[in-house]
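Here is a walk through one structure, in plain steps. Keep the model in view while reading.

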Amino acid sequence: MSTTKYISISSQKGGVGKTTVNILAASAFHFLANQKVAVIDCDYPQHSLEGLRNEDLTLLQENEQRAADFEALGRQAYPVVACEVKDALDIAQQMQGQFDLVFIDTPGTINVPGIIELWKKMDYIFIPVEADKVSISATLTYASVLQQFIIGQPGSRLKQYYAFWNKHNKSEKQDFYARTEAVFATQGIPFLQSRLEQSVNYKKDTMRSTMFPLAKEYMRLGISNLIEEMAHIIFPDSAPSPATEDTASTTNEAL
Ligand SMILES: Nc1ncnc2c1ncn2[C@@H]1O[C@H](COP(=O)(O)OP(=O)(O)OP(=O)(O)O)[C@@H](O)[C@H]1O
Ligand SMILES: [Mg+2]
């Protein structure tokens with residue numbers, strides 16, 4: 001097993017998609033790219049990721065067809081460990097060498113004991129941003145915390161953080177997106193090229209399943225591209241390929 005990489009989709013803003021994208025990424029790397037993945041949910045006390053895993057397990061117990069579908073996958077689900085932030089670093093350290101990738105869902109606030117040390121353990125942080133002023137300003141604040149207290153500090157392994165658009169709406173505000181990216185660039189904050197489209201499909205259970213790979217049709221909401229872009233950042237020498245193409249008119253048979 002190569003060195004474990006620690007990743008967090010995190011932000012200091014609530015409701016921007018941290019948990020959703022942690023699950024999408026964990027599932028894509030686990031099911032589609034055959035990476036050994038674990039998830040730590042230290043967003044105490046809500047533990048929404050652990051809650052989703054428990055719902056998935058209940059569904060599996062109650063629905064024979066779903067249980068058979070899961071069996072047919074021939075792949076165990078990745079572990080989801082729930083804890084408080086103060087205990088997450090120890091748990092993450094125990095996972096060193098056991099997994100290729102560990103995704104950590106953290107609370108959307110800096111006012112939690114242990115969070116700075118935990119962020120120092122991350123190799124990469126990806127920050128979902130919505131196209132509104134509050135989300136953008138929270139991202140700028142978060143990035144400055146990472147820049148000031150984490151990157152380059154003793155014991156920190158954080159190489160880089162990246163912002164990316166979530167709930168992107170193709171039909172409006174294109175100028176707003178471009179202008180915001182330009183402002184972020186002047187602050188030294190890189191933006192991923194991939195954007196996750198706003199979609200009602202996120203209301204469906206399947207979008208937040210921790211036990212099944214995401215269906216192909218949903219990967220086309222920008223998810224394939226995002227995962228692929230992340231893979232090239234996380235594994236610059238040999239990115240595993242969970243996905244290849246991601247256009248509205250293309251079905252990706254490689255998935
Ligand atoms: N691209 C999207 N399009 C539409 N809805 C989305 C999208 N991404 C996330 N959502 C929805 O936004 C809501 C918030 O997402 P999520 O719970 O992942 O955010 P969060 O940042 O983890 O929130 P919290 O701060 O409460 O932990 C959820 O209802 C989710 O389904
Ligand atoms: Mg969350």
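**An enclosed space and a helix**

Ile23, Leu24, Ser27, Ala28, Thr206, Met207, Ser209, Phe212, Pro213, Leu214, Met219 and Ile223 line the largest cavity of this predicted model. On a 1 Å grid over the protein atoms alone, a cavity is a set of points where a 1.4 Å probe fits but cannot get out, and lining residues have an atom within 4 Å of a point. The volume of the largest cavity is about 70 Å³. Helix α1 (residues 18-32) contributes the most to this lining, with four residues. By type, the lining has nine nonpolar, three polar and no charged residues.

The model is predicted, and its local features need pLDDT of at least 70, with side-chain atom pairs counted only at pLDDT 80 or more, while totals for chains, interfaces and linings use all residues. Residues are numbered from 1 along each chain as its sequence is written.

Turn now to helix α6. At 1.5 Å a residue, its 18 residues (133-150) should span 26 Å, and because the end C-alpha atoms are 25 Å apart, the two values agree. Ser135, Ile136, Ala138, Thr139, Tyr142, Ala143, Val145, Leu146 and Ile150 of α6 are buried (under 20% relative accessible area, with a 1.4 Å probe and protein chains only). Their cover includes α5 (115-121), β5 (124-129), β6 (160-165) and α7 (174-186).

Just after α6, glycine 152 has a positive phi of about 75 degrees.

How values were computed
Chains are lettered from A and ligands numbered from 1 in the order in which they are written. Side-chain values use heavy atoms; hydrogens and water are left out. Helices (H or I, at least four residues) and strands (E, at least two) are DSSP runs, numbered from the N terminus. The expected span of a helix is 1.5 Å times one less than its number of residues. Buried means under 20% relative accessible area, exposed over 50%, partly exposed in between (1.4 Å probe, protein chains only). Contact means heavy atoms within 4.5 Å. On a 1 Å grid over the protein atoms alone, a cavity is a set of points where a 1.4 Å probe fits but cannot get out, and a pocket is an open set with protein on both sides within 12 Å along at least five of seven lines; lining residues have an atom within 4 Å of a point. Grid points are joined across faces, edges and corners, and a volume is the space filled by probe spheres set on the points. Ala, Val, Leu, Ile, Met, Phe, Trp, Tyr, Cys and Pro count as nonpolar, Asp, Glu, Lys and Arg as charged, and the others, Gly among them, as polar.
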